[in-house]
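I opened the file and kept notes as I went. The entries follow the order in which I looked things up.

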Amino acid sequence: MPGDSLVNQLSPTEAAWLAGFIDGDGAISRNITTKGRNREHGSYQTMVYLIQIGQKNRMVLDYIRILVGAGRVIGMEPRSTNLIKKPIHPTMHHRWSLGGRQLVQSLLVQLVPYLVIKKEKAERIMADTERWRDREDKS
């Protein structure tokens, strides 16, 4: 895969560090979204692939964005409303996110050997992205 990677090629040390960060403070997700109203009116489903890390320290997330060479960091204002009035995020926090099937696949292929907690989920998502790519190639 070298040469055609959509994200930066990480060293083994960088990949292990980032995998540990994602295992501890990150999320790897795949969601199905439906666009349109129904089949007769042109609705269709699409998959959304996402890797996210939340932190109070924006500098760490900016470093991850530079390290990976993709994604974005956004600031999140404090929030404290939920059903039991317990603070959700009482202070400013930030989120790095990387979205898109190809970008997520390109990063996960480097991280899977080092993931522990989220390894199985990452492998399922990688297999799913392969199926979607095969489906697109046949179209």
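Predicted model: local features only at pLDDT ≥ 70, side-chain atom pairs only at ≥ 80, totals over all residues.

I began with the length of α1. With 14 residues at 1.5 Å a residue, α1 should span 20 Å, and its end C-alpha atoms are 20 Å apart, so the two values agree.

I then listed the buried positions of α1. They are Ala 15, Leu 18, Ala 19, Phe 21, Ile 22 and Asp 23. For reference I noted that an α-helix has 3.6 residues a turn, so residues three or four places apart point the same way.

Next I went through the overall layout. I counted four helices and four strands in the protein. Read from the N terminus, the order is α-β-β-α-β-β-α-α. The protein has 139 residues, and 32% of them are buried. I took the contacts between residues at least 6 apart in sequence and found that 61% of them join residues at least 24 apart. The accessible surface is about 9,000 Å², with 53% of it belonging to carbon and sulfur atoms.

Which residues touch the most other members of the largest nonpolar core? I got Leu 18, Ile 51, Trp 96, Leu 107 and Leu 111, in a core of 29 residues. The elements that supply two or more residues to this core are α1 (12–25), β2 (44–55), α2 (58–68), β4 (93–99), α3 (101–111) and α4 (119–138). The most come from α1, which gives five residues.

I looked up Trp 96 separately. Leaving out residues up to four places away in sequence, Trp 96 touches Ile 51, Gln 52, Ile 53, Leu 61, Ile 64, Arg 65, Val 68, Ala 70, Gly 71, Arg 72, Val 73 and Leu 107.

I searched the whole structure for aromatic pairs and found two. For each such entry I record two values, because a pair of aromatic rings is described by the distance of the centres and the angle of the planes. For Trp 17 and Tyr 63 the ring centres are 5.6 Å apart and the planes stand at 75°, so I logged the pair as edge-to-face; the cut-off for that label is over 60 degrees. Trp 17 is in helix α1 and Tyr 63 in helix α2, so the pair ties together parts that are 46 residues apart in sequence. Trp 17 has a relative accessible area of 36% and is therefore partly exposed. Tyr 63, at 44%, is also partly exposed. I noted one aromatic cluster made of Trp 17, Phe 21 and Tyr 63.

Beyond its neighbours within four places in sequence, Arg 58 is in contact with Val 73, Ile 74, Gly 75 and His 94. I also took a C-alpha to C-alpha distance from Arg 58 to Met 92, which came to 9.8 Å for residues 34 apart in sequence.

My last entry is Gln 105, in helix α3. Its relative accessibility is 11%, and the cut-off for buried is under 20%, so Gln 105 counts as buried. With neighbours within four places in sequence set aside, Gln 105 is in contact with Met 126, Thr 129 and Glu 130.

Terms used. Residues numbered from 1 in each chain as written. Heavy atoms only, no water. Buried < 20%, exposed > 50% of the residue type's maximum accessible area, 1.4 Å probe, protein only. Contact = heavy atoms within 4.5 Å. Areas by Shrake-Rupley, 256 points an atom, 1.4 Å probe, with all protein chains shown as cover. Core = buried A, V, L, I, M, F, W, Y, C linked by side-chain atoms within 4.5 Å. Phe/Tyr/Trp six-rings, centres within 6.5 Å; stacked < 30°, edge-to-face > 60°. Expected span 1.5 Å × (residues − 1).
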